[in-house]
Amino acid sequence: MTQIKAAITGICGYVPDYILTNAELETLVDTSDEWITSRTGISERRILIGEGKGTSHMGAEAVKGLLRKTNTKPEEIDLLICSTTTPDFVFPASANIISDMVGAKNAFSYDMQAACSGFLYGMSAGAQFIETGRYKKVVIVGADKMSSIVDYQDRSTCIIFGDGAGAALLEPNTDGYGLIDFVLKSDGSGVNHLVQKAGGSRRPPSLETVTNREHYIYQEGAAVFKFAVTNMAEAAARIMERNDLKSDMVQWLCPHQANKRIINATAERMGISEDKVMINIHKYGNTTNATLPLALWDYESQLKMGDNIGFAAFGGGFTWGSAYLRWAYNGAGVAD
Ligand code: ACO
C-alpha cells in the first residue's frame, strides 16, 4: 500500500501594521539599539493594536489568506489546530473562534500549547490525522499576541517578543512529499525558568497578582539560552542522523526565531551555511508560535518542489524538537 504523507500545500502569514522599533524601546526601558541587535539580532517587531483584537484576529487573517491562495473553501477544512500561548481566552479554544471567523463550519478544532515549539507540535499532530487517510484538509495555525503578556518595564523580555500569525494547509501526498520525520521533547522542570506565573488555576488572578506584575512573562534569559542552544541543536542533529541526511542534502533550515545566536549555533551543528537559514527575527522578533509559518511564508517564493527542509524549535515548558519535511510545490509565482 502506498504510504500517505502530510504535505504542506499552502502557507500564509499575517503581521499587524504597527512597528515597534528598537528606537521606541529605548524610550520605554534602559536599553540601546546596539545591545538589542548584537545580543538578539532583532531590529523591530509588530504589535497588534485595537480594542477587542486578540490572537484569533491574526490567526483568522492568516487562514483567510491561505484559503484564498490555495482555492480552498472554508467548508472543506476537516480540522484546524491553533498553536498558541496567548489564546483569546482560557476557554474556549482560539481554534474554535478562528474556525467560526473563517466559516470552517465542518471542522473540529482545538488549541495546542507548547510555547515556542507549538507549531512543530501542531504540524506533527495534524500530520497524523492525514496519514491515517481519514482527513484530507488540516489547517495548522501558529499565532500569538505576545504583547498581551509582555511587561514593557522589563528590558530583558520586552525587547524580544512581537505579534503575528501564520497558517499552513496539510493535505495527503503519496509521492513522497511532506512530513518525513519529527523529534519532539519536553521537560516540565523548565517551569522554574520561563513562565507566566499567574492567571491559571494554580494562581488565579487577584489584585495581588496584578500588583506584583505576575501576569507577564517571567524568563531567566541566560538559563533558558543555555537549554535552548543545547537542545535545539541536539534535536536538529538527531533528525539528520536518523534520516541519513548530510548537510549538503538539506536545502533549508527553518528555525524558531528566539535569538540569532541560538539560530547560528543550530545551523553550525547541522553544518548548514547561513544562506540556507530562514531568518526573519530582525523584523518580527520572537512571535512564539508564529515564527516557523511566518518564516516559510517569507521564503515561499524561493522554495522548490523536493527541497529538504529541517525545522528546529525550543520554548517554554521546556519543549523542543525538530522535523524533516520534503517541500511539495514550487513557491515561485504562488508566494504573496
Ligand atoms: N538592554 C541592555 N541591557 C540588558 C537588556 C537590555 N534590553 N536586557 C538585559 N540586559 C543586561 C542584564 O541586566 C545584564 O546586566 P548585568 O550583567 O549588569 O546583570 C546583562 O545585560 C546580561 O544579561 P543576560 O540576561 O545574561 O543577557 P543575555 O546575553 O543572556 O541576553 C536574552 C538576554 C536575549 C534574553 C537571552 O538570554 C536569550 O535570548 N535567552 C533565550 C530566550 C529563549 O530562547 N526563550 C525561549 C523561547 S520564548 C517562549 O517559549 C515563550
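Which residue forms a salt bridge with Lys-69? Find Glu-300. The closest N and O atoms of Glu-300 and Lys-69 are 2.6 Å apart. Before we go on, please keep in mind that this is a predicted model.

Why start with a salt bridge? As a general point, side chains of opposite charge can pair when their charged atoms come close.

Now step back to the layout. The protein chain splits into domain 1, residues 5-176, and domain 2, residues 180-326. How far apart are the centres of domain 1 and domain 2? Taken over C-alpha atoms, the distance is 14 Å. Domain 1 puts 50 residues into the contact, and domain 2 puts in 45.

What about area? Together, domain 1 and domain 2 bury about 3,800 Å² between them. Carbon and sulfur atoms carry 60% of that.

Next, the polar side of this interface. Two salt bridges are found across it. There are also 19 residue pairs in polar contact between domain 1 and domain 2.

On to the ligand. How many residues are around it? The number is 26. Those that come nearest are Thr-31, Arg-39, Cys-116, Asn-259 and Gly-316.

Let me point out some polar atoms here. A polar backbone atom of Arg-155 is 2.9 Å from a nitrogen atom of the ligand. Gln-219 uses its side chain: an N or O atom there is 3.0 Å from a ligand nitrogen. With Gly-221 we are back to the backbone, where a polar atom lies 3.0 Å from an oxygen atom of the ligand.

Back to salt bridges, now over the whole model. The total is 13. One more pair to show you: Lys-137 and Glu-171 meet through their side chains, at 2.6 Å from N to O. These two link distant parts of the chain, 34 residues apart. Lys-137 is in the loop between α5 and β6, while Glu-171 is in strand β7.

In general, most residues other than glycine have a negative phi, and most peptide bonds are trans. Here are three places to check against that.

First stop, Phe-91 and Pro-92. A cis peptide bond joins them, with omega at about 0°. Pro-92 sits in the loop between β4 (79-83) and α4 (94-102).

Next stop, Gly-317 to Phe-318. That peptide bond is cis too, with omega near 0°. Look for Phe-318 in the loop between β12 (308-315) and β13 (319-326).

You will find Ala-115 in the loop between β5 (108-112) and α5.

That's the tour. Questions, please.

Notes:
Residues numbered from 1 in each chain as written. Predicted model: local features only at pLDDT ≥ 70, side-chain atom pairs only at ≥ 80, totals over all residues. Heavy atoms only, no water. Domains from an automatic or database assignment. Contact = heavy atoms within 4.5 Å. Buried area = accessible area lost by both parts, 1.4 Å probe. Salt bridge = Lys/Arg side-chain N within 4 Å of Asp/Glu carboxyl O. Polar contact = N/O pair within 3.5 Å; in protein donor to acceptor, adjacent residues only side chain to side chain. Near = heavy atom within 4 Å. Helix = DSSP H or I, 4+ residues; strand = E, 2+ residues; numbered from the N terminus.
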